[in-house]
Amino acid sequence: MKKIPCRKSFTETLLDLAKKDEKIIALASDSRGSVTLNEYADTLPDQFVECGIAEQNEVGIAAGLAEMGFKPFVCAPACFLSTRSLEQVKVDVAYSNTNVKIIGISGGVSYGALGMSHHSLQDIAVMRAIPGITILLPADEYQTREMTKELANFDGPVYVRMGRGAVDNVYSDDFAPFEIGRANVLTQGNDIAIVATGETVPQAFNASKILSKEGINARVLDFHTIKPFDKEAILKAADECGAILTVEEHSKFGGLGEAVAHLLIENNPVPMKIIGFADEALVSGNSSELFEYYGLDSHSIACAAKELLRK
Amino acid sequence: MNTIKELEIKAVEIRKIMLQMIHDAGAGHTGGSLSSVDILVSLFYNKMKHDANNPNWDERDRFLLSKGHSVEGYYSVLADSGYFPKEDLSTFSKFKSELIGHPNKNVPGVEMNTGSLGHGLPIGVGMALGAKKLGNPCTIYVLMGDGELAEGSIWEAAMAASNYKLDNLIAIIDRNGLQISGCTEDVMSLENLKEKWAAFGWDTVEVDGNNMQSLIEGLDIAKKRKGKPQMIIAKTIKGKGVSFMENVPTWHHGVPSKEELEQALKELDNSLKELM
Ligand SMILES: Cc1ncc(C[n+]2csc(CCOP(=O)(O)OP(=O)(O)O)c2C)c(N)n1
Ligand SMILES: [Mg+2]
């Protein structure tokens, strides 16, 4: 079956839900094409608000709509929503506790060679530090579908980040568990735990296959929810595996890795390593070139796991 | 470069270089680059004081590409002006190239990193204010898209520019009437644009942004006026110069196939013949 990008899975599901729930409103900032909202906008024009290239305004308008009883989904590139609109997210959404879903698409390095203005490698860090926002990064199209259904009934501020291209599926049409705040265990293993989030989950999953050929049984945890943080899953993994490798399409600073490190240092400081992007304006390249260059592809993850085990 | 004809020829040549570059990279923002080429040429080959051999010359005029996605025309002009070798253009958007998909200061001639819309005018205000404080006679040019004008930061800068009477600031709007999702007037209407800028305390002049004569005249008027920041509304055609790209929204980031490139280059060669 043909793989579809998470953003497409999101918009298809949202359209289905919105047909049955007129309170759902999608907002765009000249982003309907990049989000894949064209069909939604044509089908439900009354449940679509175009804001033009004005991401701050877009989030503010969503907060106002939420206060009037709507369920707004703000859809735009993650880079702009998580930095340009950050004050609106902090004050109008999180602080005022409005029922706004901030949907960041083409996140991480999806936009590759377009450069740092278009990368969102700080979003987890900033959102984590704002009280009151749930942070979700679905792993594949099936999980995105389940997540979207859950979001329609979830009351409160949420930040979601998805990528641009299609990724390898780790779930299937009839198996894509998604419970906010509860990590999924993808592979059972006790040699090392690989904790990944979003679209690095398929990479981590593939890394575990490479490792198993060499007799190393890795436990892969899909951390689709960064906040609230599933402490139990991490502490259990630390206890049973004794070493933890984290993987995220994000700066090494302030993301999933540091959240795990924080928890371990206060409870059970097992050896760990954080895989993420270096603290620099990245070199030019498409997303797979960047994944390889900065060590986020499945082979690099497998190598890092072995190195961590040698320590 | 002085004559209108020379500038017109240059603009066609730049279009050719630029389209080749986008085709080679398999990526780029074609429509808005084509609409703004004439503006870039009028500035870099005629109106602006600048020196490719001395890119950090203190009194150079500054140019900010606020609509940073139109980088292909900009890189082509910089390379052609001698800021860096033209051969480098073939590395555009490739792995480890300095020529990333939005303007970057690592590239000689580029003043600021742009790409997120709505940043150029505030920076331009800062530069113009700084130049005044220093008695630096340079002029600051900022090129913006029309869709870009929905960003609030532009209007904050608009207010600041007139507050500080920045007559050394000349902003230009590439008024091609289109943005990614379609017509600006359908997506987020801008009209009456001239009156809006006037109300914010700017002098305005409307020009045909794909007509060299009109552009040069407009820039001359803006340069002479004193006491207020200057806005040039340059009416353009998105995709200008290639028949099948003109006014077609999807060419915003469309990439020409081999056949489309050949067709486009043929049309541009014909334009050159007509000019010569
Ligand atoms: C802050 C921000 N939001 C969104 C984008 C994505 N984007 C790139 S170009 C573009 C449309 C620009 O339209 P316009 O300003 O009219 O430019 P032009 O027609 O000259 O290409 C958009 C929305 C961006 N680069 N920056
Ligand atoms: Mg435009």
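Where is the place of Ala150(B)? Ala150(B) sits in the loop between β2 (140–145) and α5 (152–163) of chain B. Helices (H or I, at least four residues) and strands (E, at least two) are DSSP runs, numbered from the N terminus.

## Basis of the model

This is a predicted model, in which local features need pLDDT of at least 70 and side-chain atom pairs count only at pLDDT 80 or more, while totals for chains, interfaces and linings use all residues. Residues are numbered from 1 along each chain as its sequence is written, chains are lettered from A and ligands numbered from 1 in the order in which they are written, and side-chain values use heavy atoms, with hydrogens and water left out.

## Around Ala150(B)

Setting aside neighbours within four places in sequence, Ala150(B) contacts Gly52(A), Ile53(A), Ala54(A) and Met188(B). Contact here means heavy atoms within 4.5 Å. Met276(B) is 126 residues from Ala150(B) along the chain, and 41 Å separate their C-alpha atoms.

## Chain B against chain A

Chain B puts 25 residues into the contact, and chain A puts in 21 residues. The size of an interface is often given as the accessible area lost when the parts come together. For chain B and chain A the buried area is about 1,800 Å², with 53% from carbon and sulfur atoms. Buried area is the accessible area (1.4 Å probe) that two parts lose on being put together, summed over both.

The count between chain B and chain A is one salt bridge. Arg84(A) and Glu151(B) meet through their side chains in a salt bridge, at 3.2 Å from N to O. The rule asks for a side-chain nitrogen of Lys or Arg within 4 Å of a carboxyl oxygen of Asp or Glu. Polar contacts join 13 residue pairs across this interface, both residues at pLDDT 80 or more. The side of chain B that touches chain A has seven nonpolar, 14 polar and four charged residues. In this scheme Ala, Val, Leu, Ile, Met, Phe, Trp, Tyr, Cys and Pro are nonpolar, Asp, Glu, Lys and Arg are charged, and the others, Gly among them, are polar.

A polar contact is a pair of N or O atoms within 3.5 Å. Within protein, one atom must be able to donate a hydrogen and the other to accept it, and residues adjacent in sequence count only if both atoms are side-chain atoms.

## Ligand 1

Ligand 1 lies between chains A and B. Of the 24 residues around ligand 1, the nearest are Glu55(A), Lys67(B), His69(B), Asp146(B) and Lys238(B). A residue is near a molecule if one of its heavy atoms lies within 4 Å of it.

The side chain of Lys238(B) places an N or O atom 2.7 Å from an oxygen atom of ligand 1. For Gly147(B), a backbone N or O atom lies 2.8 Å from an oxygen atom of ligand 1. For Asn176(B), a side-chain N or O atom is 3.0 Å from an oxygen atom of ligand 1.

## The two domains of chain A

Chain A is assigned domain 1 (6–161) and domain 2 (184–310). These bounds come from an automatic or database domain assignment. Taken over C-alpha atoms, the domain centres are 26 Å apart. In all, 29 residues of domain 1 of chain A contact 31 residues of domain 2 of chain A.

The two domains of chain A bury about 2,000 Å² between them, 57% of it on carbon and sulfur atoms. Val109(A), Leu121(A) and Arg128(A) lose the most area on the domain 1 side, together 30% of what that side buries. On the domain 1 side, α7 (123–128) and β5 (134–136) of chain A each supply at least two residues. α7(A) gives the most, with five residues. By class, that side divides into 16 nonpolar, 10 polar and three charged residues.

## Salt bridges and backbone features

The whole structure holds 28 salt bridges over all chains. One of them joins the side chains of Asp168(A) and Lys3(A) at 2.9 Å, N to O. This pair links distant parts of the chain, 165 residues apart: Asp168(A) is in the loop between β6 (158–161) and β7 (184–187) of chain A, and Lys3(A) is in the segment before α1 (6–20) of chain A.

Most residues other than glycine have a negative phi, and most peptide bonds are trans. Lys227(A) and Pro228(A) are joined by a cis peptide bond, with omega about 0 degrees. Pro228(A) is in the loop between β10 (225–227) and α10 (231–241) of chain A. Another cis peptide bond joins Glu191(B) and Asn192(B), with omega about 10 degrees. Asn97(A) has a positive phi, near 50 degrees, and lies in the loop between α6 (86–95) and β4 (101–105) of chain A.
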